[in-house]
Structure formats: C-alpha cells, structure tokens
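I set out to record what I looked up in this structure, from the overall dimensions down to a single residue. The entries follow the order of my reading.

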Amino acid sequence: MKFIRNLALSCALHGSLVHAAEHKFDFTAEKALPGFTKISPDTLYGTGQNFGYLPGQALASGQPVNFAVDVDEGNYQVTLRFGHAQHATCTTVKTESRRLVIENLTTTPGNQETRTFTVNVRKPAIRGGGGITKLNARETGPPLSPGWDDRLSFEFNGKNPGVVSMEIKPVKDAITIFLAGDSTVTDQVYEPYAGWGQMLPRFMGSQVAVSNHAESGLALRSFESQKRLAKILSMMKRGDYLFIQFGHNDQKDRREGAGPFTTYKQALEKFVRAVDDQGGIPVLVTPMERRRFDRDGKPEATLADYAKAVRQVGKEQKVSVIDLHAMSIKLYAALGPDASTKAFVFYPAGTVPGMPQALKDNTHHNNFGGYELARCVVEGIRENVPKLAKHLAPDAGHFNPENPDSPEKFAVPMSPLQATAPPAGS
C-alpha cells in the first residue's frame, strides 16, 4: 500500500507538468511527414523521451505492441491512419487499460483508412485540492496496462497491424461519459476478464470520450469512500454523463437495515443529486444478472430487487434508466445454459497462461460477454438517452439481446497480459 500511496502522491505533484499540447507521429519506414516525429523500432518510452514503444516492443515485430506518450489529464482527440504499400492490414486498437476503440479495421495493399476517436486520461489527484483517489493494488498496473499514470497508452493488435501515423491533440468540448460501477463495468487489466465499460468506447462517435472509474469489488458506499465520485465530479463539466451501475457487491452489505430499498436506494439518490448539482446528466443502469439457470434451462434472477430499486429511483427522480438487468436475462436465455459460458470466464484447465486450474466464473465476463453487454447498453442509450444517441458511432448498429452475436464469430484479439487471479467481487 505504501507503493500505491507514493504513486498517487507522485501523480498529484507531477500531474501539472507541461507536456506537449499536440503530438504527431509517423510509424512508416519512409522519411517522416512534415511536422511529424519519426517513430522507429528502437524508439522506446522512458529512454530520455516521453513517448515511444514500451521496452521490448515495436510495431515492426508483427506482434501486439504498446505505444505511450506522456500527457496531462483530460480528453484527447486521436487520429490514426492505417495501411501498407505492399500488403493488406487488419488492426485492432485499444487505449489505456484495454479500452476497445477500433475493431478489426482492414485495408487493402496500397490503400489507407483514417479513423478519429476521443480518449480520456485521468490521474489520482482530485482537482481543486480535493485529495487523492484511493487506488487498489490492481490499478497501479504493470508496465503494459496503465490506467492512472502520466501516459496515454495504445495497444496495436490484430492479424497484421498497419499503423501509418498518429495525431493527438487535447479537446475541451468533447462529451465525457463517466462510469461508476464494479468489476462487471471496470477496465479489467488482465485477460480473459472484461467489463462492458471497456468495450463501450468502440460504439461511441469521435466526439465522445469514456472515462471509466469503476473498480472490482466496489459498492456504492465504497466507491464514494475511495473518493471516486469526488474525482468524477471534479472532472465533470456541464452536459457530461455519469452512468451508474452497482448491485453485485451492495448485495453483500450486512449492516443493520441494509438492502435494495433502503441503503442502496438512498445511495443511488445521493449520486443522482451530486451529478445534478454539478450540471451533469445521471443515467442509471440496472445490474446485469449472474449466470444462473434453473432445471428447465431458464435464467434465474439473483439481483431482481436491486434492479427494481434502480427503476424506482429513475422514476422518482426523473432519471433515464438503461435496464441491463432485463436485457442480460434475454441475452443469457438466447445463448442457453451451454453457450452462455462463452460470455463468461469459463476455460478448461491449462488454457489460460498463469492460471493452470479450470476457470468457471458465473459473474465475470470475458471479451465476448463484455462486448455483448456493451451492445445492450448502446441499445439502452438509443431508447432512453436520445440526446446522447445522436453521438453513437455510425457503425454502432442495432442490437437485440434475444438474437446475440455468435461467440464463434467474435474476433476481437486478446491482449498480451493474462490474469493470475480473478478480480474482486462475485
């Protein structure tokens, strides 16, 4: 814990360092474009410069690589060009802690494609002298998966990644969707775990950033006590959103009088008022279900009362509600008892590096499950948050949880880091 405190203090002290306002990088083997900084395979981060590949990696290797550049806290518009003169490319891009932003973008030989997105960078210090966000050990992150540090990080992945150039510039007018939640929402650092929050950026338009403050094991009460709500409010501007999804860990509250229609509901109302006072827009998300099936092969509800309490707060406070609880039940029912394991962390013994035992987790999702739940959330935005729906990505598409994507056809490549222990919460 001493290391975590020192890291947080360091970020607080150095978060105001002046980094270059804009960056332009050229990844090709040719002469750099005018105004662009040349990136070669031996351009390494931390070797006397604040940008480059993490040590031991380079785009030329053909393997997933991580590239980082130091920036201040805030939103950044990123424009990437993809392609190669001689061969086809297929590139997936993730930012920060595995936030999916570009999914399997392909180019043909000699052609290029350009994509623009906005990414959020946050640091532990709370603006206005509000102290430091308490981080859990997982969030300090290994070198390959930063989340609360000084860097804006990119993972270039895919069958044949082909990044030509990158332009980064800070933006003040982007819409930020802040996320408050638990392990089912968070940016999971390690494969094969995934939260829907780290899949959500893939479906948002270029003027929207997702700032995921969810963390494994947290309930509404602990989220606030770790100053995560205070951190969000310190970053929020008028017109930004806070999506709030809790329940899995709140269900374990053993205090006298605790329950979905008492302490849980009161805490939700407190979060809503805080966001309203800040000029933001609260959106309530009912907790998705765990994987439970009865003898007839129908999904069983374990969080029904918590979902009901969320709906009540939405109605009473006149706040939009995305009913992920109802949609998740439809999703699991459509997949069925057997195929639904493809959406959760179910893997035979010896198939996940670092975890030799068989994995059978009925709470935490893998990439496919997180992706499908994010699609549910996007559909909920279309139906219940129309102002934000205008800013969905052009290819976000419509989604019916009763007709989910095929797990066998899901092709988002896995990141290099593998878990050695499950995330907190159940």
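**Basis.** I am working with a predicted model, in which local features need pLDDT of at least 70 and side-chain atom pairs count only at pLDDT 80 or more, while totals for chains, interfaces and linings use all residues. Residues are numbered from 1 along each chain as its sequence is written, and side-chain values use heavy atoms, with hydrogens and water left out.

**Overall form.** I looked up the secondary structure and found nine helices and 17 strands; helices (H or I, at least four residues) and strands (E, at least two) are DSSP runs, numbered from the N terminus. I then compared the radius of gyration with the globule rule, taken over C-alpha atoms as 2.2 Å times the number of residues to the power 0.38. For 426 residues a compact globule would have a value near 22 Å, and the 21 Å of the protein agrees with this. The C-alpha atoms fill a box of roughly 65 × 50 × 40 Å along the principal axes.

Among contacts (heavy atoms within 4.5 Å) with a separation of 6 or more, 74% join residues 24 or more positions apart.

**The five-stranded sheet.** I traced an open sheet in the order β2-β1-β10-β5-β8, with mixed pairing; two strands pair if DSSP finds at least two bridges between them. Strands β2 (37-38) and β8 (112-121) are at the edges with a single partner each, so one side of each has no neighbour in the sheet. Within this sheet, β5 (residues 74-83) and β10 (residues 163-171) run antiparallel and are joined by eight bridges, and Gln77 has Lys169 as its bridge partner in β10.

Four of the five residues of β14 (residues 281-285) are buried, so the strand is largely enclosed by the rest of the structure. Four bridges join β14 to the parallel strand β13 (residues 241-245), and Ile244 stands opposite Leu284.

Beyond its neighbours within four places in sequence, the contacts of Pro287 include Phe246, His248, Tyr264, Tyr306 and His325. I also recorded a C-alpha to C-alpha distance of 9.0 Å between Pro287 and Ala326, which are 39 residues apart in sequence.

Methods. Buried < 20%, exposed > 50% of the residue type's maximum accessible area, 1.4 Å probe, protein only.
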